[in-house]
Each structure stands twice: as C-alpha cells, then as structure tokens.
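Please look through the sequence and the coordinates together, and follow how the parts of the chain are arranged and where they meet. The paragraphs below begin with the division into domains and then turn to individual contacts and backbone features.

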Amino acid sequence: MRELLISLVEEALLAPSVHNVQPARWRLETDGVTLFEDKSRRLAIGDPGCNDAGISLGAAAEGFRLAASAKGWTVQAHQTQPENVPNPLRVVARYKLEQKDEPDPLSALVHARQSWRRKFVTPTKDDRYAAQKLSAPDAIIASDPEELRNLARRYDHSSYKFVNDDDFRSELLGWMRISRRHPDWSRDGLNADAMALGGIEKLGAALILGPAFRLCHRLGLAPALLKEEAKFKNAAAVILFHRPRDEDPFESGIQFYRLWLSIEAAGFGATVLAALADDLEASRAIMRDYGIAESRRLVSSFRIGRRGEEPTPVRARLPLEDVLV
C-alpha cells in the first residue's frame, strides 16, 4: 500500500498551483493520505484571502483522486483528525482508498497538461468550432476575434494594475527564476523556460520588473513592454470559468483542474489569465458583458489554442521528500 500511495502522491504533484508555489503536503496513512497546506507558501500580497491557495489545494486533491482512478481505485474523504500537526501545516482533508472502479477518462491527460505561454498556431474555423464545444454551465467560450481583442486589452490593463504595486511586484519576482543558476529553478516558482522567455526577454523581464520598473513606468514604456495582447491574436478562444459565489475555493479548484484537463482532451494548450478574475473591476465588467449571474463569481480564465512544435519545458516540481510529512 505504501508504494501505491507514494505513486499517487507523485502524480498529484503534477496538479497546477498559483505561481507554482505548490502548497500541498502529504502524510501517508495506513489506507490513505492526509492532505495539508503549508501556510509558509501563501502569497501575502497576491492572495491575501487565500482564495488561490484554496484553488491550488483543491487541484492537488483532485490530482490524487485522478491518480488513484487511473489505477482503478476510488477515493473517499473521512473525518478522523490527524495527530501531531506541526507548524506551519494546516489540515485540509483526509482520504482513504476504497473499492476499485473504472478509471476517470481525464486521468489520462494529467501528464499532458502544462501551461503554454508561447504563441499558439493560427487558429482555423475548425479550431474555433472545437473550442465552442468546451462550453459548459460554468464555462463561457469567447472565440470571436473582436471579443478576444477586447479581453486582451482588459487583461493587459488588469495585469498592469497589479504589477504597478511595488509589493506585488516584489512578491512575484520572489517566485520567478530567471537564471538557471537559481537554486529553485527546477523545484518551484516560474522559471524562464516555463514563461517562454528567450535570452533578451529574460534580461528584460529582470530589469523591467525589477530596478528599471519605476523609470519605465514614468516614461510610459512599461505597459507596452509587459502587454500580452499579441498572444491573444492566435488564440482559438478565451474560456471564462465561473462558479457559485459562495462555493469553497477548494471545490472550485477541483473543477478548475478538471476543466483544464478537458481543454487538453480537446487538443488545446492553455494559459491561465488570473488577472481577469483577480481584478474586481474587470471581473464585474466581464460578468455583466457575458450575462453571468450575480450569484456566480469569475474564478479564472484560460487563453487556449493549438500548440506549436516548440518543445514543452520540463516541469518545475518539488521532490517527493519535500512534500511528505
């Protein structure tokens, strides 16, 4: 059983997390696992309400369930409280393996899913049609080129509002790994390969988001240097993911991961557009424009499209020994 549980946790590590901070920690039990949050991984500036942390933990839990499903097991939550919980850990959930069942079809997509921050291949009409098939009660598909232009401008405006905050920018830089010499390049955070930064772009990102930002801002150069509008031109669609307003972010995280895997199943790559949901002004405007009820909330958005032939970067993930407690 221990070897099985270790293999399930290893696959759960492939789940997405905000800024790739990987807050999930795992304890192996006799017949299952306990999931903890490492509170030291929280984003004090970027996620003060711990919404993104909850989504990340929900995705991790779903990753464990999908891994178990691929091996024919079901996972059940149980309420027994664990003992000896050290700081800075917080108990999130306990799971045990139950009887076997048919694998979840999405479990086959876990290894394929990864952020694609490069430009997409120019979409065809068939691509836009395929994107529309991803429409669901909690997923609105925007594929008209004019819609994409408007969402691109809104995204760049919202992103810049956050980056213009010195504390936010400092926290973001703390999770960026521009140089391969960074000790955490292959462990966590956002490395230059994952962000699709070339040599000149790496230097530019380090300067613009670092010591040169205020000068570039005063000169009016920073918004143009940081905008991503061009990457929307080759997108097949933007998916607006919304859930009940009072839903626990943990549950939203489960559905967020499943939607991303559904995007992979349709043959698309995806980039998360968190700023559209995190910026309340943009979120309200989008909900109004797309008729999303006030009882819902915009959880996140995805820019999706067909990948090019560039190699997929190697994931940065914490080693197993760092996540087992």
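The domain bounds used here come from an automatic or database domain assignment. On that basis the protein, which is a predicted model, is divided into domain 1, covering 1-111, and domain 2, covering 125-305. The centres of domain 1 and domain 2, taken over C-alpha atoms, are separated by 24 Å, and the contact draws on 31 residues from domain 1 and 26 residues from domain 2.

How much area is buried between domain 1 and domain 2? The value is about 2,300 Å², and carbon and sulfur atoms give 66% of this area. Within the area that domain 1 buries against domain 2, His19, Ile55 and Leu106 supply 26%, which is more than any other three residues.

The polar side of this interface can be described in the same way. Between domain 1 and domain 2 there are nine residue pairs in polar contact, counted where both residues are at pLDDT 80 or more. As for the elements involved, helix H2 (51-70) and strand S4 (89-100) are those that give two or more residues to the side of domain 1 that touches domain 2. H2 provides the largest share of that side, with 12 residues, and by class the side of domain 1 that touches domain 2 consists of 18 nonpolar, eight polar and five charged residues.

Salt bridges form the next topic. A search of the whole structure finds 28 salt bridges, and across the interface of domain 1 and domain 2 the rule finds three. The side chains of Arg41 and Asp188 meet in a salt bridge, with an N to O distance of 2.6 Å. Another salt bridge joins the side chains of Glu62 and Arg258, at 2.9 Å from N to O. Because Glu62 lies in helix H2 and Arg258 in helix H10 (residues 249-265), this pair ties together parts that are 196 residues apart in sequence.

Aromatic side chains supply a further set of pairs, and the search of the whole structure finds nine of them.

Elsewhere, the peptide bond from Asn87 to Pro88 is cis, with omega near 5°, and Pro88 is placed in the loop between strand S3 (73-77) and S4.

Technical notes: Residues numbered from 1 in each chain as written. Predicted model: local features only at pLDDT ≥ 70, side-chain atom pairs only at ≥ 80, totals over all residues. Heavy atoms only, no water. Contact = heavy atoms within 4.5 Å. Buried area = accessible area lost by both parts, 1.4 Å probe. Salt bridge = Lys/Arg side-chain N within 4 Å of Asp/Glu carboxyl O. Polar contact = N/O pair within 3.5 Å; in protein donor to acceptor, adjacent residues only side chain to side chain. Helix = DSSP H or I, 4+ residues; strand = E, 2+ residues; numbered from the N terminus. Nonpolar A, V, L, I, M, F, W, Y, C, P; charged D, E, K, R; others polar. Phe/Tyr/Trp six-rings, centres within 6.5 Å; stacked < 30°, edge-to-face > 60°.
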